[in-house]
Amino acid sequence: MYWVTPRHLAGDDGALAKRIGDTLADLGWRMWPTARHTLLYVSPDELRGAEWILASYPFDLGGLPVAWQLSARPHAASAMAEWNAYFTAGVPYEALSDLLVAIDAREALDASPAGPETVINALSVRGWLRDVDRPRTTATDPGFSCSVSLEMLPPLIQDADPRPDLMGWQAWAEPVFGAPYLWCASFSASVPHDLVAVFASSLASMVPVPRRTLPKSAEGRLSIVRRS
């Protein structure tokens, strides 16, 4: 077992489905398989959902297949989700787990007074660098291998707001410039900024994380703190 840092380059150890499934089980979310060969988890109040959709391969982000889709709806009778968030394989499961704990604990799942600066501030206190041209909406890690930015939504990102040209938070890791991404994440326009900030803060944490296998694309960028 390796204990490595930074977290955003540690990958998912090939255990993203199990680790997040364990988190959801601990939170008391119910799970059942679907006809599309996915695993659907629903919170006890039936307002929050998480689905392991890698097997159905609905679409990709940055050339990587989406693995998890998180969603929230305003009330149990609503057929449409208020917002969605999507994560590819390779995303550090600690950051996604912390986000799910925050989603589970949040009473109101709609917009909050927190603005975009909440996300950037969460990264700044971790030592991430604000973009010179867009200091309020974009930040990059000191190694310039991972970015979190408020951008035009990619295709197929679903949100209850039907207006075109919406902005949503995007995150990605690119250990080697021009090489394939290690992972990508996309939040639809209505995801509350404070929830994105939870994901961003966890992502930027320098606390070492355990991994049995390390991403090849991050060789030379990861520091092994200790072995066990």
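**Notes on a predicted model**

1. Let's begin with strand β7 (83-88). W83, A85 and F87 point one way from β7, while N84, Y86 and T88 point the other way, and all are buried. Here, buried means under 20% relative accessible area, exposed means over 50%, and partly exposed lies in between, with a 1.4 Å probe and protein chains only. In a regular strand the side chains alternate between the two faces of the sheet. With six of its six residues buried, β7 is mostly covered. Helices (H or I, at least four residues) and strands (E, at least two) are DSSP runs, numbered from the N terminus.

2. A word on the basis of these notes. The model is predicted, so local features need pLDDT of at least 70 and side-chain atom pairs count only at pLDDT 80 or more, whereas totals for chains, interfaces and linings use all residues. Residues are numbered from 1 along each chain as its sequence is written, and side-chain values use heavy atoms, with hydrogens and water left out.

3. Which strands pair with β7? β6 (64-72) pairs with β7 in the antiparallel sense over six bridges, and W68 stands opposite F87 in this pairing. β7 is also joined by three bridges to strand β12 (residues 183-187), again antiparallel; there F87 stands opposite A185. Two strands count as paired if DSSP finds at least two bridges between them.

4. C184 is worth a look while you are in β12, the strand where C184 lies. Is C184 buried or exposed? At 6% relative accessibility, C184 counts as buried. Leaving aside neighbours within four places in sequence, C184 is in contact (heavy atoms within 4.5 Å) with L61, G62, L64, Y86, F87, T88, A171 and W172. F59 and C184 are 125 residues apart in sequence and 12 Å apart in space, C-alpha to C-alpha.

5. Next, helix α1 (residues 16-26), whose buried residues are L16, I20, G21, T23 and L24. Why do they sit on the same side of α1? They cover an arc of only 160° around the axis, which puts them on the same side of the helix; the arc is that of the directions from the helix axis to the C-beta atoms. K18 and D26, on the other side of α1, are exposed. The cover over the buried residues of α1 includes β3 (39-42), β4 (48-52), β6, β7 and α2 (93-105). After α1 comes G28, with a positive phi near 85°.

6. The largest has a volume of about 330 Å³, and of its 20 lining residues the closest to its centre are S71, R73, A79, A81 and N84. A pocket is an open set of points on a 1 Å grid over the protein atoms alone, where a 1.4 Å probe fits, with protein on both sides within 12 Å along at least five of seven lines; lining residues have an atom within 4 Å of a point. Points are joined across faces, edges and corners, and the volume is the space filled by probe spheres set on them. β4 gives the largest share of this lining, four residues.

7. The second largest pocket has a volume of about 220 Å³. Of the 15 residues lining it, the closest to its centre are L61, G62, P154, Q170 and C184. β5 (60-61), β11 and β12 each supply at least two lining residues.

8. Finally, some backbone geometry to check. Most residues other than glycine have a negative phi, and most peptide bonds are trans. The peptide bond from T5 to P6 is cis, with omega near 5°, and P6 is found in the loop between β1 (2-5) and α1. D13 lies in the loop between β1 and α1; D13 is not a glycine, yet has a positive phi of about 60°. D13 is buried, with a relative accessible area of 18%. D165, in the loop between β10 and β11, also has a positive phi of about 60° although it is not a glycine. D165 is exposed, at 62% relative accessible area.
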